[in-house]
Every structure is written in structure tokens, then in C-alpha cells.
Amino acid sequence: DREDFDEEVDSVCPFCGVGCQVSIKVKDDKVKYVQGINGPANEGRLCVKGRFGFDYIHHGHRLTKPLIRREDAPDKGLNVDPENPWTHFREATWEEALDVAARGLADLRSYYGGKTIAGFGSAKCTNEEAYLFQKFIRQGFKHNNVDHCTRLCHASSVAALMENVGSGAVTASFNEIENADIAIIIGANPTENHPVAATFFKQFAKRGGKLVIMDPRGQGGLKRHAWQNLQFRPGTDVALLNAIMNVIVEEKLYDRQYIEGFTEGFFEFRDHIRAFPPERMAELCGIEAETIREVAREFARSRAGMIFWGMGVSQHIHGTDNSRCLISLALLCGHVGRPGTGLHPLRGQNNVQGASDAGLIPQVMPDYQPVTDSEVRDLFRHIWRGTEIDAEPGLTVVEIMDRVYRGEIRGMYVLGENPAMSDPDVEHARRALAKLSHLVVQDIFLTETAMYADVILPASALPEKTGTVTNTNRQVQMVRRAVPTPGEAREDWRIIVDLARRIGLDWDYDHPRHVFDEMKMSMFSLHHITWSRLERESSVTYPCKGPDIPGEDVVFGDGFPRRAGRAKFTPARVTPPAEVPDEAYPMILTTGRQLEHWHTGSMTRRASVLDAVEPEANCSLHPSTLRKLGVDAGGRVRLTTRRGSLDVMARADRNVAPDMVFLPFAYVEAAANILTNPALDPFGKIPEFKYSAVRVEAA
Ligand code: SF4
């Protein structure tokens with residue numbers, strides 16, 4: 001009976017960066033079902049995860065009491081049964097667990113110095129929790145070794161946007177596509193990964209908008225709606241995009257007035273781009289020169305164009321260069337700052353935008369204010385009551401794990417992240433975790449990372465929290481607590497505050513609202529956005545020009561937050577992937593998400609409907625590749641790279657290129673990151689998840 005509920009609470013979906021608003025129907029302190037409501041990003045729509053993915057919060061594996069590693073526990077490893085962890089862990093009171101957790105971190109600080117501690121926060125947390133977490137590390141240990149999963153997601157996009165546009169966020173909401181004539185979607189598969197955004201993209205195509213899909217992996221979803229489908233060779237993004245811009249430059253299709261008024265570096269860029277004619281680049285990227293010309297002409301001549309991209313662009317050693325090309329393309333055509341134009345990296349997790357804004361990044365304080373800037377450090381010294389901020393940028397996720405492996409970092413506090421699944425070359429990450437002398441994990445399940453912990457603190461799922469999150473559209477949204485935390489589990493913000501007090505910090509927050517108020521003291525992006533306004537309106541877009549004025553969906557119409565208000569052209573060169581196929585590893589491995597599962601699977605594989613729809617680890621190969629291997633669809637294959645090997649069920653998928661294999665990363669029994677390459681983009685420090693040389697055999 002859908003009318004039989006005690007309470008309905010409006011909140012936000014906990015999964016992807018679209019940030020759909022939901023009404024949670026509660027019966028007997030349990031989520032009974034969820035409906036989409038009229039949020040600005042979703043207009044009532046939800047995908048299968050939003051509709052059927054909430055029962056993970058009531059799963060029997062939820063952590064309900066603090067756990068401490070037993071003194072006689074076996075060696076640290078993935079050998080813990082989540083249903084029977086008692087040979088490894090014992091239950092503890094909150095007092096004891098917090099004392100042990102804090103004392104371990106404080107002792108390392110005293111003996112070896114603050115820099116031997118690092119923190120991984122999470123984009124699953126609220127803005128307030130992300131803010132508190134980075135403050136905990138920066139204030140408590142006097143350095144900036146704090147990061148989160150944006151490093152594995154859009155760090156290279158943010159690096160390019162900060163460099164060339166002056167802001168790391170999108171310049172226009174995805175809903176602006178309704179005002180566009182043409183839209184490029186590159187390195188993204190929105191029907192699987194941003195499904196509600198994809199519904200707006202399909203409507204755009206239905207109205208006659210020209211959708212250009214550029215995707216080496218190949219996709220069924222939006223391809224059917226596309227005007228052009230460019231399945232270019234993996235890793236050749238710069239070749240393809242430079243060729244498109246070569247046509248625009250050589251045929252003088254660029255927007256001269258816009259370039260003169262709003263940009264810098266055009267003449268050097270123009271000279272650079274002449275070295276990339278479509279005929280030469282076609283040999284590299286595998287797209288015919290005439291197709292490249294047709295797309296270039298249409299994009300340049302269109303009244304309004306948008307560019308969307310995903311991790312197919314960002315997760316390369318040349319991810320920053322890929323994004324630089326997309327920014328230059330938009331600038332060349334004047335497709336920024338007007339309705340129906342814009343640059344939009346589609347954000348992955350539901351609060352990866354907000355956690356980044358809140359300063360959960362090693363190089364910058366909240367609102368991307370560099371730690372290297374003495375005025376920024378002065379500002380935070382004032383707000384944080386005399387705290388000296390370290391002027392040296394901190395280490396990123398993969399760098400931290402390397403230092404752990406080398407014994408230079410001895411203690412970690414991990415909140416809602418799962419590096420034992422999410423790091424590239426995950427066997428290396430797991431060996432590193434096993435070496436830590438003190439690991440505190442705060443999570444809702446006994447994740448693969450928690451199996452290595454010394455103390456596990458049972459935390460809260462999003463429907464159990466109060467706070468704010470920020471979606472891919474820059475919409476700050478109110479999260480309302482719908483159900484209580486199970487057992488003795490606590491809200492994350494409260495746990496961070498309790499630990500902070502125990503390591504000697506003078507924190508006196510009583511409610512997330514107080515944290516939000518402090519954030520506003522240093523974050524200009526939150527100007528005119530107050531807690532009470534969010535309680536009233538549920539969602540406010542930043543930037544916002546007045547307390548009663550809606551925020552701006554499209555920004556930078558009158559200049560950019562850079563020197564003289566000008567965006568910058570940065571030339572990019574073609575760089576090969578870090579590891580190319582050879583005789584021993586002749587195919588290309590790429591990894592990603594599936595519609596039903598979320599990141600490392602800790603939540604969605606415990607959601608009964610989602611697990612029933614997609615219960616088994618799988619990979620996708622072209623039918624002709626399967627035939628060559630002598631494997632039937634549904635049979636098993638062995639994937640081997642220089643880092644490891646795993647067996648997995650193979651599916652036939654005509655969309656996947658014959659020399660590629662696509663492997664989702666949500667399955668612990670076939671953890672994709674056993675195989676992936678940890679080589680990093682030099683600017684964004686993001687690993688090359690999207691390209692590894694692999695051998696595929698019948699298992
Ligand atoms: Fe949730 Fe994203 Fe699906 Fe919306 S599109 S319901 S935010 S997973």
C-alpha cells in the first residue's frame with residue numbers, strides 16, 4: 001500500500017552527481033519507498049538507482065557498533081567475513097573507540113610529526129562533513145595531505161578549468177541544453193552514469209538538436225539519438241579535438257569578436273593548431289577527415305553549443321590536455337556565457353562538486369583558494385583562531401598510498417572511501433594499507449578498506465544525515481534526515497567533531513548549520529545562500545546575486561574570474577598512453593560504471609533490486625573478439641595486465657570496439673583495479689584508468 005507511511009521527507013539521492021531530489025516515504029523508521037520530486041535537476045524523474053537503490057541502508061551488514069582490532073587478530077588483509085568479523089575485531093564503546101582512534105593519530109603526530117598522518121575524505125559526505133574533515137587534517141596535523149575521490153574522477157578537468165577559465169565548476173547547468181542547437185558529449189555514457197541528465201539530452205535530440213557522441217568505448221544509449229557518432233581510437237582525444245579546431249581555424253569559422261573580447265593566447269594557439277590537419281589526425285584517431293570537417297563546421301556555425309564530458313576524457317595521463325582542448329574549442333566558437341552554451345564536466349558522485357568546493361583537496365582551501373597564497377592563509381588563520389596553514393600543497397590520493405607503501409606515512413583517517421578497491425594497481429594499495437601502524441576507518445559497512453583498520457567507526461548513510469550537498473549543476477541542496485542511524489552508528493559530522501576534540505582541537509559545533517555558517521566566512525560561492533534559505537527553497541544555485549534572486553545557471557557572460565577577465569587558450573600536444581598494446585598484452589582495457597551499480601559496489605550490491613538486476617561481475621567484448629577467443633557469451637575469460645590477473649564472465653556487446661574490453665569496477669570478486677595502470681596525469685595527478693594494455697584469454 002503506497003499510502004501507508006508515517007512520514008515523508010524531501011531530500012537528495014545519494015548516488016550520482018545529477019542530484020535528483022527525492023521524497024522519502026518512511027514507515028516504522030525504515031525507508032518504505034522513494035519518489036522523484038520537482039528538483040531543478042530532475043523535474044520529478046529518477047533512474048533505477050534512485051527508485052530502487054535505498055534499501056542498502058537497512059542491510060544486515062550495516063556497522064552498528066564501534067569495532068577495534070583484536071590484539072590476537074590474524075595479519076591484516078581481505079580475509080574478514082563481514083557477517084562474522086570476530087576473529088579480527090571486537091566491539092567497543094564509543095568512548096573507548098574514539099579514545100583509541102584519536103590516541104593512535106596523536107601518538108604518531110608526537111613521535112614522527114604530523115606529516116606521517118594523511119586523510120581520505122569522501123564525496124559521499126555532506127559539504128559540512130567535507131569541510132570538517134579537511135579542517136581536521138589541516139588544523140590537527142598542520143599540513144595539507146588530505147584528498148578525496150575527485151582525484152580519481154575529474155581532477156584533470158578541474159586543473160584545466162582552473163588554469164584556463166579561472167573556476168573549477170561547470171559554466172552552465174546540463175538543463176541548459178534545452179537552449180542549445182548542438183551538444184558534444186565526449187568520454188561519457190550518460191544513459192548508464194547520469195541517467196536523468198540523459199533524459200534531457202534525448203529530449204534535446206527529439207526537438208531537432210544535434211547530438212555529437214564521441215566515445216571510444218562505444219555505447220548503445222545516446223548513440224541512437226545522435227546526429228554523429230564518433231567512435232575514435234582510445235587515447236586519441238587530443239588528435240581528434242585538435243583536428244576539429246584546425247578546421248575551425250583554417251576555415252576562419254571562429255568567433256573573432258568573442259576571442260578579442262574575452263580571451264588571451266589566441267595567436268600562439270592558432271599557430272600551434274595548424275600542425276593538426278584532419279587528414280593527418282584521421283590516421284591517429286580513426287575518424288575520417290570529412291566527418292571531422294562536418295562536425296567542426298556545424299559546431300562553429302551553430303548559434304549555441306555545449307560540451308559535456310566524463311571520465312573517458314579525464315582518466316588519462318593526458319586528461320588535463322584533453323580538457324584544455326575542450327575549453328579551447330568552446331572559446332574558439334564563443335560557446336560560453338550565453339544561454340545554451342557552456343562547458344560541463346559531468347560530476348560522478350552526488351557531492352564531488354561540494355566536497356571539492358569545501359576544500360577536500362590538497363592544493364587548495366575551501367573555494368579553491370590556494371594554500372600557497374599568504375592572504376588565503378591569513379584569512380584561515382583568522383577564521384580558525386590562530387591556526388597556521390602549511391604553505392606547501394599536500395599529497396594526492398595515489399601519492400599518499402605510495403608514501404604509505406614506503407613507510408613515510410604511518411597513520412590514516414579514511415572517511416567513506418575505499419582505496420582497497422578504488423586505487424589503481426589495487427594490490428599495491430592493499431599492501432600499503434597492511435603496513436599502516438594506525439588506520440581509522442569511518443564507514444557504514446565493513447568495506448574492503450575497513451578490513452585493514454585498527455578502529456572502525458560506524459557512520460551514517462545520506463538518508464540518515466542533515467546537511468547540504470552540491471550537484472554537477474552547482475546547485476547547493478538540502479539533505480534532510482529521514483530515518484535514524486541503526487544501532488549505535490552516528491552522523492559523520494559528530495564523529496569528526498568528537499575525534500577533533502580528542503586530538504586537542506577546540507571545536508564547539510552543535511549542528512551542521514554552525515559548520516555551514518563558518519564555511520560562509522571563507523567561501524564567496526555561498527554568498528546569499530543561507531541555511532534558512534536552503535531549508536525554505538531546498539536548492540539554490542551558486543553564484544547567486546541576492547538573497548531573493550535565483551542563482552545563475554549560466555556564468556561568465558561578462559568575463560572570467562581570471563586576469564583582465566579573460567579565459568586562456570592552452571595548446572595541447574598528442575601524447576601516447578602510458579602503456580600501449582604489444583605482443584604480450586595486445587588489447588586495450590577500459591573501466592567504468594554500469595547503470596545499476598555505484599562505484600566500489602559497497603552500497604548498490606547491498607540494494608536488493610539492483611543486485612538482483614545485475615548480480616554478477618562481468619566484462620564486455622565485441623562478438624567477433626569472443627568468437628576469436630572461442631568463448632560463448634556468458635562464458636569466462638581471463639584478463640591479465642602487467643599488474644595482475646582476474647577471471648570474469650564475458651558479455652557480447654557490439655558497441656565495444658573489437659580490440660577493447662570494458663570492465664565495470666563495482667565487483668570485489670573481479671576488482672578492476674587489480675589490472676589498471678597507476679601512471680598519473682602530471683597536472684591533475686589522476687591515474688590512467690581508461691587505458692591499460694591487457695591480454696584476454698578463455699578462462
Ligand atoms: Fe540518483 Fe543520479 Fe539516478 Fe538521479 S540520475 S536518481 S541522482 S543515481
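This briefing covers the ligand shell and the aromatic contacts of the structure. The model is predicted, so local features need pLDDT of at least 70 and side-chain atom pairs count only at pLDDT 80 or more, while totals for chains, interfaces and linings use all residues. Residues are numbered from 1 along each chain as its sequence is written, and side-chain values use heavy atoms, without hydrogens and water.

- Around the ligand (a heavy atom within 4 Å) lie Cys13, Phe15, Cys16, Gly19, Cys20, Leu46, Cys47, Lys49, Gly50, Pro195 and Val196.
- Helix H1 (48-52) and helix H6 (195-206) are the elements that give two or more residues to this shell; helices are DSSP runs of H or I with at least four residues, and strands are E runs of at least two, numbered from the N terminus.

**Aromatic pairs**
- The whole structure holds 20 aromatic pairs, counted for rings of Phe, Tyr and Trp (its six-membered ring) with centres within 6.5 Å; planes under 30 degrees apart are stacked, over 60 edge-to-face and the rest tilted.
- Phe15 and Trp598 pair edge-to-face, because their ring centres are 6.0 Å apart and their planes at 65°.
- Phe15 and Trp598 are both buried (under 20% relative accessible area, 1.4 Å probe, protein chains only).
- Phe174 and Phe201 have ring centres 6.5 Å apart and planes at 85°, so this pair is also edge-to-face.
- Ring pairs join Tyr254, Phe266, Phe267, Phe269 and Phe569 in a cluster.

**Charges over rings**
- The charged end of Lys210 sits over the ring of Trp227, 5.6 Å from its centre (NZ of Lys or CZ of Arg within 6 Å of the ring centre and within 35 degrees of the ring normal).
- Arg410 lies over the face of Tyr112, 3.8 Å from the ring centre.

Conventions: Buried means under 20% relative accessible area, exposed over 50%, partly exposed in between (1.4 Å probe, protein chains only).
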